[in-house]
Amino acid sequence: MLKLIKKVLKTGTATVGYPFQPLDLAPNFRGKPQYTAQQCIACGACANACPSNALTMATAEDGETLRWQLFLGRCIFCARCEEVCPTAAITLSQEFELAVWRKEDLYETADFPVCHCRECGKPYAVQKEIDFALSLLQESAALSDRQISDRRVQYETCPTCKKMHGLSSSDRIDIGRHMTTEAR
């Protein structure tokens, strides 16, 4: 017994002082997803990429908003949402202590207003996503304010109305093949 005690004293402590001392985590540790609703454009890329369906996007009961929802009880901390987000609105943090008393506390939600079509009035896209696309267009193409307002009319019109009124640019593109045969 004395031999065992000497060996234990010689080797020192093998455990860490957690929860009384902070735990040292690796720099690439994948913890709780941190979501910034102000930065999000509600494109749905994160919900499409989530393999565990922890992230969902659905139209709210009122039909006027799109609800983004994260359920931490299903999250597997794979970081797919962080990889596909075009605006870096969701990142994985170092936080890993996620115990809660109630299941409802594991949900995070954000609501985004839906843009209604200028022609028919039906909801079809998130307004924030349209504004983001127009700002990217303005930065990359250096368009004037008048050109952007003309584009806004196109962007705020649903695909069905675009086809009916000829606003779609794809209607003016000829994608047919023109084959000619040569006589030999």
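Between domain 1 and domain 2 of this predicted model, four residue pairs are in polar contact, with both residues at pLDDT 80 or more. A polar contact is a pair of N or O atoms within 3.5 Å; within protein, one must be able to donate a hydrogen and the other to accept it, and residues adjacent in sequence count only if both atoms are side-chain atoms. On the side of domain 1 that touches domain 2, eight residues are nonpolar, four are polar and none is charged. Here Ala, Val, Leu, Ile, Met, Phe, Trp, Tyr, Cys and Pro count as nonpolar, Asp, Glu, Lys and Arg as charged, and the others, Gly among them, as polar. Across this interface zero salt bridges are found, a salt bridge being a side-chain nitrogen of Lys or Arg within 4 Å of a carboxyl oxygen of Asp or Glu.

The model is predicted, so that local features need pLDDT of at least 70 and side-chain atom pairs count only at pLDDT 80 or more, whereas totals for chains, interfaces and linings use all residues. Residues are numbered from 1 along each chain as its sequence is written, and side-chain values use heavy atoms, with hydrogens and water left out.

The domain assignment places domain 1 at 27–113 and domain 2 at 117–166, the bounds coming from an automatic or database assignment. The C-alpha centres of the two domains lie 27 Å apart. Their contact (heavy atoms within 4.5 Å) takes 12 residues from domain 1 and six residues from domain 2. About 640 Å² is buried between the domains, 65% of it from carbon and sulfur atoms; buried area is the accessible area (1.4 Å probe) that two parts lose on being put together, summed over both. Ile41, Phe112 and Pro113 supply 54% of the area that domain 1 buries against domain 2, more than any other three residues.

The protein has six helices and six strands, defined as DSSP runs numbered from the N terminus (helices H or I, at least four residues; strands E, at least two). From the N terminus, the order is α-β-α-β-β-α-β-β-β-α-α-α. The radius of gyration is 26 Å, well over the 16 Å that the globule rule gives for 184 residues, so the protein is more spread out than a compact globule. This radius is taken over C-alpha atoms, and the rule is 2.2 Å times the number of residues to the power 0.38.

The whole structure holds 10 salt bridges. In one of them, Glu108 pairs with Lys32, the closest N and O atoms being 3.6 Å apart. Glu108 lies in strand 5 (residues 107–116) and Lys32 in the loop between helix 1 (2–11) and strand 1 (33–35), so the pair ties together parts 76 residues apart in sequence.
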